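Open the model in your viewer and keep the selection tool ready. Each stop below names what to select and then says what is there.

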Amino acid sequence: MGEKVRWGILATGGIAERFTTDLLTLDDAEVVAVASRREAPAKAFAERFGIPRAYGEWAGLFADADVDVVYVATPHHAHRTAAGLALEAGKAVLCEKALTLNAREAAELVALARDRGLFLMEAMWMYCNPLIRRIAELVRDGAVGEVRTVQADFGLAGPFGADHRLRDPETGGGALLDLGVYPVAFAQLLLGEPDSVQAHALLSPEGVDLNTGMLLGWSGTGASALLSCSIAADTPLTASVTGSLGRIEVPRGFFFPERFTLYREGAEPEEFTAEADPHGFRHEAAEVMRCLRAGERESPLVPLDGSLAVMRTLDAVRDRIGVRYPGE
């Protein structure tokens with residue numbers, strides 16, 4: 001690994017723009033190439049960010065000897081193929097969430113990375129956020145006692161037309177994989193994989209979920225998580241963790257919080273804050289680069305077994321609400 005970690009960006013949509021903007025605030029990161037399925041958007045993206053090489057097909061990026069790690073920012077349905085090809089080309093990979101369309105595809109990617117001895121991480125930036133890490137630490141240390149309930153929601157009002165990516169089954173549309181992955185991942189960060197999954201949803205005419213409610217249960221502790229996601233309603237975007245000795249409340253924007261409050265019996269509320277950060281994606285990028293320099297094949301902050309467990313829960317939710325994607 002050189003003085004700078006050299007990144008290749010795969011896809012040129014909004015999430016790729018946000019990630020690249022934040023990535024370039026890190027002194028030890030360099031973006032050397034970008035690829036799209038068409039040359040024009042790749043060139044436009046390269047010009048905007050000062051990237052030296054733009055490829056109008058994926059293969060050029062994977063064959064580029066100067067690329068240390070590929071950031072996969074395609075829609076969900078292309079994650080398995082794109083990340084798999086990058087791994088087969090010997091590249092480390094940071095792949096957007098949800099990791100794939102389903103748990104089977106995720107297991108294939110993880111097996112490929114482990115077999116090749118290559119780094120793979122899901123781009124669950126929430127797990128790398130300093131305050132989310134602090135919440136997990138407090139819960140592990142028993143600050144709220146035994147966890148009884150977790151609540152979290154992520155909903156956007158839209159409206160999203162029938163031609164929007166979020167309404168398209170071919171691209172893994174619906175609220176669950178884009179937004180629901182956050183509440184599920186938050187609950188599983190604190191409680192692990194649930195033993196039971198119940199769900200109810202409003203489906204679109206195309207067959208994707210517009211609004212989904214989930215109830216997850218852990219039989220060993222009796223804990224439960226009440227979660228929701230929506231592309232048809234502007235929900236509070238908050239989270240809470242309630243335990244036998246107290247609770248933690250996270251205000252709007254729980255997945256990139258600037259503050260949260262710890263309440264405990266007999267004590268004054270304790271507020272934890274962080275400086276406002278307009279470049280929240282750089283935390284996950286910094287973790288990728290730390291791992292690469294340390295020779296680590298998986299991140300302890302975003303472990304692959306945890307990503308697989310979240311995908312299994314998302315599969316279970318889709319099974320309960322009757323959402324299937326083409327080819328499954």
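Is the crossing in which helix 5 passes helix 10 left-handed or right-handed? It is left-handed. A crossing is left-handed if the near helix is turned anticlockwise from the far one by less than a right angle, and right-handed if clockwise.

Two notes before going on. The model is predicted: local features need pLDDT of at least 70 and side-chain atom pairs count only at pLDDT 80 or more, while totals for chains, interfaces and linings use all residues. Residues are numbered from 1 along each chain as its sequence is written, and side-chain values use heavy atoms, with hydrogens and water left out.

**Stop 1: helix 5 and helix 10**

Select residues 103-116 for helix 5. Helices (H or I, at least four residues) and strands (E, at least two) are DSSP runs, numbered from the N terminus. Two packed helices are described by the angle between their axes and the distance between the axes. Here the angle is about 165 degrees and the axes are 9 Å apart. Axes are lines fitted to C-alpha atoms, for helices over the stretch in contact, and angles run from 0 to 180 degrees between N-to-C directions. Helix 5 is therefore roughly antiparallel to helix 10. On this scale, angles under 35 degrees count as roughly parallel, over 145 as roughly antiparallel, 65 to 115 as roughly perpendicular and the rest as oblique.

Now show side chains. From helix 5, pick Ala103, Arg104, Ala106, Ala107, Val110 and Arg114. They meet Leu304, Asp305, Leu308, Met311, Arg312 and Asp315 of helix 10. Contact means heavy atoms within 4.5 Å. By class, this contact has seven nonpolar, no polar and five charged residues. Ala, Val, Leu, Ile, Met, Phe, Trp, Tyr, Cys and Pro count as nonpolar, Asp, Glu, Lys and Arg as charged, and the others, Gly among them, as polar.

**Stop 2**

Turn to the open sheet of six strands, in the order 3-2-1-4-5-6. Its pairing is parallel. Two strands pair if DSSP finds at least two bridges between them. Select 53-55 and 120-123 to see the edges, strand 3 and strand 6. Each has a single partner strand, so one side of each is left without a neighbour in the sheet. Neighbouring strands here are turned by 25 degrees against each other on average, direction ignored.

Next, select residues 69-72 and 92-96. These are strand 4 and strand 5, running parallel and joined by four bridges. Val70 has Val93 in strand 5 as its bridge partner.

**Stop 2: helix 1 and helix 2**

Select residues 14-23 and 39-49. The axes of these two helices come within 11 Å and cross at roughly 25 degrees. Helix 1 and helix 2 are therefore roughly parallel to each other. Their crossing is right-handed. Ala16, Glu17, Thr20 and Thr21 of helix 1 make the contact with Phe45, Arg48 and Phe49 of helix 2.

**Stop 4**

Strand 12 (246-250) and strand 13 (259-264) pair in the antiparallel sense over four bridges. Arg247 has Tyr263 in strand 13 as its bridge partner.

**Stop 3: backbone details**

Select Lys97 and Ala98: the peptide bond between them is cis, with omega near -15 degrees. Ala98 is in the loop between strand 5 and helix 5. Another cis bond joins Gly158 and Pro159, with omega about 0 degrees. Pro159 is in the loop between strand 7 and helix 8. Finish at Ala11, where phi is near 100 degrees, a positive value in a residue other than glycine.
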